[in-house]
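Work through the exercises below with the sequence and the model at hand. Each task is followed by a solution in steps.

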Amino acid sequence: MNMNRIVTIAALAVGGVILSKQFTKKRGMERGSSTKESIDVDVPVSTAYNQWTQFEDFPKFMSSVKEVRQVDDTHLHWRAEVAGKEREWDAEITEQIPDKRIAWRSMSGPRNAGVVTFHKLSNGKTRIMLQMDYEPESMDEKIGDTLGLVKMQTKANLTHFKEMLEGRGRESGAWRGSVAQH
C-alpha cells in the first residue's frame, strides 16, 4: 500500500468519526442543543431591557408564542406552538440585573434555559444577545433542530422585537427589580 493511499484512508476514517459525532449530537444523543443570536436595536439600553421585561408582550413579536403569563416576579407560565403542537411549561427567572441580563430555566414541560444580555453600543443603540439551550423531545422537534429551524425562528423573533420597539420608540412598561443568581 502506498503512502498516499494510507493518508487517504486515515483522512476518511477521521472524517467519519467527526461526522458520526456531529450526527449523534444533532440526533439529541448528547442531550440538547443550543442557539445564539444577536441584534442591534436603535434605542437606549434601558428601553430595550425595559421592553424585554414585559414578558406578557412576547406573543407580539414571537410568532410561536401564544401566551406568557407572569405568575410572580420570578415565575412565568408559557403556552406556545413547538414543532406544530401546542405545549405549556413553567419557567423560573434565575438571574436578573437591570440593563444587563435576564437568565431563566424551565421548571416543567419542554426543557430549556438561557440568557439574554443587553450591551450599550452608544446612547441610542443597544446590542441584544440571546443564548438558549433546549432539549428537542419529539422526532419533529429533532428534525427541526437538525434543519436549523430554532435558529431561524430565534433570529426572526429578534428582528420582530427590533421592528416593534423601534417603531414605537419607547417601551410599553418596565420592571427594574433584580433577581440574585441562584
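Buried means under 20% relative accessible area, exposed over 50%, and partly exposed in between, with a 1.4 Å probe and protein chains only. By this rule, buried residues make up 36% of the 182 residues in the protein. The model is predicted: local features need pLDDT of at least 70, side-chain atom pairs count only at pLDDT 80 or more, and totals for chains, interfaces and linings use all residues. Residues are numbered from 1 along each chain as its sequence is written, and side-chain values use heavy atoms, with hydrogens and water left out.

**Exercise 1. Give the order of helices and strands.**

Step 1. Take helices (H or I, at least four residues) and strands (E, at least two) as DSSP runs, numbered from the N terminus.
Step 2. The protein has 4 helices and 7 strands.
Step 3. Along the sequence they follow the pattern α-β-α-β-β-β-β-β-β-α-α.

**Exercise 2. Assign accessibility classes to M139 and L130.**

Step 1. M139 lies in helix α3, and L130 in strand β7.
Step 2. M139 has a relative accessible area of 56%, so it is exposed.
Step 3. L130 has 11%, so it is buried.
Step 4. L130 also has a neighbour to note: V116 is 14 residues away in sequence and 4.4 Å away in space, C-alpha to C-alpha.

**Exercise 3. Describe the largest pocket.**

Step 1. A pocket is an open set of points on a 1 Å grid over the protein atoms alone, where a 1.4 Å probe fits, with protein on both sides within 12 Å along at least five of seven lines; lining residues have an atom within 4 Å of a point.
Step 2. The largest pocket holds about 950 Å³ of space, the volume being that filled by probe spheres set on the points, which are joined across faces, edges and corners.
Step 3. Its lining has 37 residues, with S64, V82, W89, M132 and V150 nearest the centre.
Step 4. Elements giving two or more residues to this lining include β4 (85-97), β7 (125-134) and α4 (149-168).
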